[in-house]
Amino acid sequence: MFPRIVKTNKSYASYEYLVISESVRDKKNGGSTTKNIATLGNVKNFSKENIKGLIDGLIRLFEIENYALSDQIEVLECLEHGSIILWRALWEKMKLSRQIKSLLSRKESRIKIDVEKYIEIMVVNRCVNPLSKLGVTRWFDTTCYKMMNGYDDLELDVEYFYRSMNYLLKIKDELELAIFQRLQNLFSINVKMTFYDITSTFFHTDSCPISAKGHSRDMRPDKEQIVIGVVTSYEGYPIKHYVFEGNTKDETTVGKVLQDLKHNFNIEETTFVGDRGMISKLNLQRLESEEFDYIMGVKHRQNEMVQIFFDRNGLPENEYTKYNDLKIQDRKIAVKDFLLWKTEKILKESKVKYTQKSLTQLKDKLSVLDNDTAVKYADFKEILEDLDSNSDNKIRKKIFGLIKKYKNQYEDVIRTVVCLNEERKAISRKRRNFKLSERTEELEKIFSPGRKKLAAPEINKKINDVFDGYKRRFKKFFIWKKESESGTVTGFELDQGKIVDEEKYDGIFILTTSRDENDLETEKIVESYKNLQEVEQLFDDLKHFVDVHPMRHWLEVRVRAHVFLCILALLLKRIFEIDCLKSKATMEPLEIISQSKLVKHRLKFSEKENRYQVVPKVTTTTDEQKNIFALVGIKNPMGLEDYVW
């Protein structure tokens, strides 16, 4: 049905009439034809005001509220929409609200607030626009949450958010286990290999009971901090996290992690992949006691056993094989061979004269040791006296102490993979030479011929200033010339021997593993360790995507709960990246869906009666947005069925 103007001719004159017509089917001739229903009169009798009054009257009479006066549309609010519904879809995919509510009901029967809703809001906020908890109460009113069914009447006092954080921490272990099981069901995550690493984040206060100064990964040694540890699956999903005191050392955190994986998560078989800071004799023993395999980075400058590789060209160039951007060597170290090598090194450094016969006797003695042998000094006394006939027995005790140190490991053969990055090698060498050049220039100013001679204390102070802070590590590359009588420093020169020794380490990193070559090939070991970068990427997101720092809390329970909120936000991001996008490129998709807004319009329907109506509308969804929403299971992103008006 529609209006139209019909022309007719009468008595040599032409007339135009306003009629209401409809299209009907012509049964006789086929097709369709137009049928006039009513004639409203000559169009000359209708002014613009008459037409407006007619339309307004029809709207009123038939209660049609879908039309408005085009010049009387007012935008009341523009609310964040696309980002909210995307992260909520992932939250619901993991059934986190249901899990939180269920777990809390078992522990707290009298909770009067919707804890799961407050937790959800805080987690989504960290994904969209990380703010303080007080900031979240204001941010809520800028999002479609305020019009959402079940959230529109939510109390926004910040104390409700704090209380919800307290409740969240009470179910931390149970919720993490439930998340782990959900990940297994949804994505069949691979825990045959698990990755663990730690980072730190700092405070602007010193009032938190678990904060302390320690090794800062944020380059803020002046601030107190906490240490955060995260375990991920092979794919990169976070499955467990820890909060330690700020001065906790890396290797001391491993025991708790292994216990949880084995006994709480019921992971019977896994290869534990950890960074260089995690390795220690105690940790390796714990891994073996839990029947876990491992791939660990080795601090090769500090590990005495791998020093055998850097002695007398222990890493021949022709034994490297190419793998991606690395050169790699798969090497084994027998503990008995190492003990013999180390003994000989101690004797040479101590300038002890020994015979090859006495060294052979020690080799024969070591060859019969097994892991159950309880060594005694008396068993080695005669051989050690032959090695060192000096009346001072300090060297003998040092050698026996070395042998005793490796008890229960005499039959062990350690598998290592030496990796050389040529590009990093060149960069390290260039950087060191530049830093040494800087130090040399500053020292030359102190000892320049025309300069006034300084007293010994002044010279020492100026030298210390040259090597202040991180520059202290370059001091070992200098030899100091001193006056024989007073000991005053009179000059310097570069120690070329130390520089050459340091160059051996450039571009090198070493891995050790309990897996043998028949079980896991060399390339797979390297690839697995490099996948530890997934945790490093997680830490980067922890600090820059969900913005864990600086800490705005000081109560221990709030600090721990805040970290948990951030980890939950990272879980959603990982699901979006890995499961939905099949990649790590999230910035552009998130920017695209953030352009979807929920707009509140106020429409005016009548000039005469001043009638209005508030109408919601989601901005038109583009094809790009539809594709992204579809990835998380949202079929109708413009739907308004979840909103209350």
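Is F161 buried or exposed? F161 is buried, with a relative accessible area of 0%; buried means under 20% relative accessible area, exposed over 50% and partly exposed in between (1.4 Å probe, protein chains only). The model shown is predicted, with local features needing pLDDT of at least 70 and side-chain atom pairs pLDDT 80 or more, while totals for chains, interfaces and linings use all residues. Residues are numbered from 1 along each chain as its sequence is written, and side-chain values use heavy atoms, without hydrogens and water.

**View 1. Aromatic pair of Y118 and F161.** The whole structure holds 24 aromatic pairs, counted for rings of Phe, Tyr and Trp (its six-membered ring) with centres within 6.5 Å; planes under 30 degrees apart are stacked, over 60 edge-to-face and the rest tilted. In this pair the ring centres are 4.9 Å apart and the planes stand at 80°, so Y118 and F161 are edge-to-face. Because Y118 belongs to helix α4 (residues 115–128) and F161 to helix α6 (residues 158–170), the pair ties together parts 43 residues apart in sequence. Helices are DSSP runs (H or I, at least four residues), numbered from the N terminus. Y118 is buried at 2% relative accessibility.

**View 2. Aromatic pair of Y242 and F244.** Centres 5.8 Å apart and planes at 10° make this pair stacked. Y242 is buried at 6% relative accessible area, and F244 is buried at 15%.

**View 3. An aromatic cluster.** One cluster is formed by F447, F467, F478, W480 and F492.

**View 4. Charges over rings.** R220 lies over the face of F202, 5.4 Å from the ring centre. The charged end of K365 sits over the ring of F380, at 5.7 Å from its centre. A charge sits over a ring if NZ of Lys or CZ of Arg is within 6 Å of the ring centre and within 35 degrees of the ring normal.

Technical notes: Helix = DSSP H or I, 4+ residues; strand = E, 2+ residues; numbered from the N terminus.
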